Amino acid sequence: MGAHVSDLDVSVVVPARNAARWLGECLESIRAAKPREIIVVDGCSTDNTVEIARSMGARVLSDEGRGLPAARMLGVRSACSDVVALIDADVVLPAGALGGLLDEFHACGYDGLQFALVSEADGRGYWGAALAWHHLHSRVRSWFGVSATLMRRKVLLSVAFDDTFRSGEDIELRIRLEEAGYRLGVSSTTAVRHRFMDSFDAARDQWLQDGAGLARTIRKHPRRAGWLGVLPLLATIRGIGLSLLHAPRFLPYWVCFLVYNYRSMFGEFLRPSGTGHSVGGNAAWLSAARIAPMATGFLFWALAAIMLPPAQLGMGSAVVAAALLTVQLGMLGIGQATLTLLPEQLDGGRRLIASSLLTVGVATVVLAGGVAGVTYALGSGVGVAWNDPLLTGMFVATAVFATAAYQLDHVGVAQERSDRALVRSLAQSLVQLAVLALALAAGVRDVAVVVAAVATGALASVILGLRQLNRTGAAPDWKHGLRPGPALRLLKPGLPNHALMLADRAPGYLLPLVVAATLGPAATASWYMVWMMASAVFFFPQSSGFSLQTALAGGRSKPGLVSSALKASLVLTVVAGAMLLIAGPYLLGFLGPAYAATAILLPVLVPALLLGCVTQVYYGLCRAQGRQAEATAVAVFAAVLIVGPASLAAREFGLLGVAALWSAAQASAALIAVWRLRVLMPATANAEQGAGRVRAGKPAARDRVTMTSEPASAVPTVPLPPAPQRHAETENGDAKHGGTKRMETKHAETKHTETKHSGAKYGGPVPPAVVHRGPT
């Protein structure tokens, strides 16, 4: 390296492609630190990147266009020092920064330590400033990444980047490093300059790469990274809030950020992978699909509350509740039957898929007429809505489209591709919110708009679902699907399972109708907000029940599994319930005084959610052991306790009486569940031990049957005000997951693209589970 004298025992690796604009300043700052060596790995640059690197005394290698992960690993393998500094070309090191970080690295025993990043725009334009502002106002700066990082060479050689990634490789690496227990951190004392290109094209490429990288990471690590599917949405919500408070000019940035991230993410998910997911992977996807629309759901109802007075909003929520009740009725257990029968079909299920969709569609139309007729005959509450032909039509459309979307989710589970449910869930919730926002902007303020937005979102989910099937060669065979034989085959196993699900879920959708008929639309609006926030927390007990059911029925049980499921359910529900008790009053207060007054219901409902942990685990155990009749009897008992006296409780004690009644019914069911679990668990433990001695082979089709009774987007993606989720409103929400620059791809939506360096790196938004922070 000419006159260069080494002071620091560290090898610096700089990946670069077409980085001539920045490389000189970057290498000059590195050279001033006097590391042992500087290695520039060129990605087939077409500018004078190589000449600049050589003129600065760097050793130049070529990755032959294999991409950023391969470039980094090539540099690491060629390095001489035990410690390697990964420095991107868009980074400039202040004097003494490398030595300072190296001292901290050794003193604290890190395996990986990143510089603090101080972002800036490389120009005076809008897009560079927006990218830098995004990064500076998010917590991504405290999350470990590899844009300017010291790593132990042996750690990188043993774990290594996945060079099949073209973007998001740093997130994927971090997941494996954390799982291996390595000590990672971000310095709070030593910072470097991090530059962003100042053009819309650079920002767009960044967003496209980020979306594709998230999708690939989720596919590879569904359990750990499944929640990343909602990250661009959460980041956008937080970013819009911060922009409104501090920098309104950056609001257009967040719209583009959201659109391009999900455009790329959806494109990656829609691309057939050729393989299905495991049972655990399916469960992770279904969890993400359930959680995904919660943030937009709250925005939806908040916007609706701004648009409509409480009386009209209450009528709209009652109509939506009636549609959801119709969805539950109209499924007829066909979803569960699909999980059993679809994998056996020789034509890929094309005829069965068509038959299932047509059957639930016809059933829903008929039952929608029945629900409308009964409620109209009652003469009050939601029955009044049917005097409006437009609102009636929107109700039927919502029910039909949501049922079809729900059935498509069951199809995805049967095909072992529940990731598609997440895509549809996000699309549905975003479309719903967009329709409502457009109506508000156009000055249209009518209750039919709320219902129409829900119907449009469900229709978008159905269209996307049919497109997914078509692209994977499983398009419904509508011609042969019209025959009655396949429908009867679906109904025969489906109806018995349908009874338990209906008894467990229907009361939740009936209560808004009871409140509307007894207390009026304004009270319904208030109840609907609180009830749906509580329902979001109830997701955790339900998930634990389904997970237990899957494990027991799939031949993967082990001693103590029931107890473990119950403990996990209680822990998660306690956390979510506490967050609801803390955040709920603020969220309700945001909607207005009429809604804020209903915060008193939360302390009544949350304890019942904890009791639901026991009941749902009991239901899961009964499903797995073929005791549906027993579980159905308990669910019917609880439903009668809720629905029977609900009208009287509402008249005498108002919404507080309804909440207390629901909690009392949950307590009664939980007492029975405790008694039955004490009887069933010893027998289950004996069966688990015996199964452990003889278990062999892969799970059969029954794994899919018991996977879930509620897989996905149709019911969950109707916009419901969400309770804050673990991660969602804390670190995830402010993830600046596109804020740091990375190796660009020319076509970020495709897997096999050639990368080019724009000075961009993916500043990954995975809050580390075992990251250790540096000293403050």
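Is T403 buried or exposed? T403 is buried, and its relative accessible area comes out at 0%. Keep in mind that what you're looking at is a predicted model. Its chain runs to 776 residues, and 62% of them are buried. Here's a quick tour, from the overall make-up down to a few helix pairs.

**Overall make-up**
- The chain has 28 helices and 10 strands.
- If you take the contacts in the chain with a separation of 6 or more, residues 24 or more positions apart account for 83% of them.

**The sheet**
- Eight strands form an open sheet with mixed pairing, and the order across it is β3-β2-β1-β4-β7-β6-β8-β5.
- The edges belong to β3 (59–62) and β5 (91–92); each has a single partner strand, so one side of each is left without a neighbour in the sheet.
- Pairing between strands of a sheet goes through backbone hydrogen bonds, and it can be parallel or antiparallel.
- For β1 (residues 8–16) and β2 (residues 35–42) the sense is parallel, with seven bridges between the two strands.

**Around T403**
- T403 sits in helix α17, which covers residues 389–414.
- Why call this residue buried? A relative accessible area of 0% is under the 20% cut-off, so T403 qualifies.
- Leaving aside residues up to four places away in sequence, T403 touches V327, M331, V360 and T364.

**Helices α23 and α25**
- Helix α23 (residues 561–591) and helix α25 (residues 602–624) have axes that come within 9 Å and cross at roughly 155 degrees.
- The crossing of α23 past α25 is right-handed.
- Sorted by class, the residues in this contact are 18 nonpolar and four polar, with no charged ones.

**Helices α16 and α21**
- Helix α16 (residues 350–378) and helix α21 (residues 484–519) also have axes that come within 9 Å, and here the crossing is at roughly 75 degrees.
- That angle falls in the 65 to 115 range, and α16 and α21 are therefore roughly perpendicular to each other.
- On the α16 side the contact is made by L352, S355, S356 and T359, while α21 brings in P486, A487 and L490.
- By class, the contact of α16 with α21 has four nonpolar and three polar residues, and again no charged ones.

Conventions. Residues are numbered from 1 along each chain as its sequence is written. This is a predicted model: local features need pLDDT of at least 70, side-chain atom pairs count only at pLDDT 80 or more; totals for chains, interfaces and linings use all residues. Side-chain values use heavy atoms; hydrogens and water are left out. Two strands pair if DSSP finds at least two bridges between them. Helices (H or I, at least four residues) and strands (E, at least two) are DSSP runs, numbered from the N terminus. Axes are lines fitted to C-alpha atoms, for helices over the stretch in contact, and angles run from 0 to 180 degrees between N-to-C directions. A crossing is left-handed if the near helix is turned anticlockwise from the far one by less than a right angle, and right-handed if clockwise. Ala, Val, Leu, Ile, Met, Phe, Trp, Tyr, Cys and Pro count as nonpolar, Asp, Glu, Lys and Arg as charged, and the others, Gly among them, as polar. Buried means under 20% relative accessible area, exposed over 50%, partly exposed in between (1.4 Å probe, protein chains only). Contact means heavy atoms within 4.5 Å. Angles under 35 degrees count as roughly parallel, over 145 as roughly antiparallel, 65 to 115 as roughly perpendicular and the rest as oblique.
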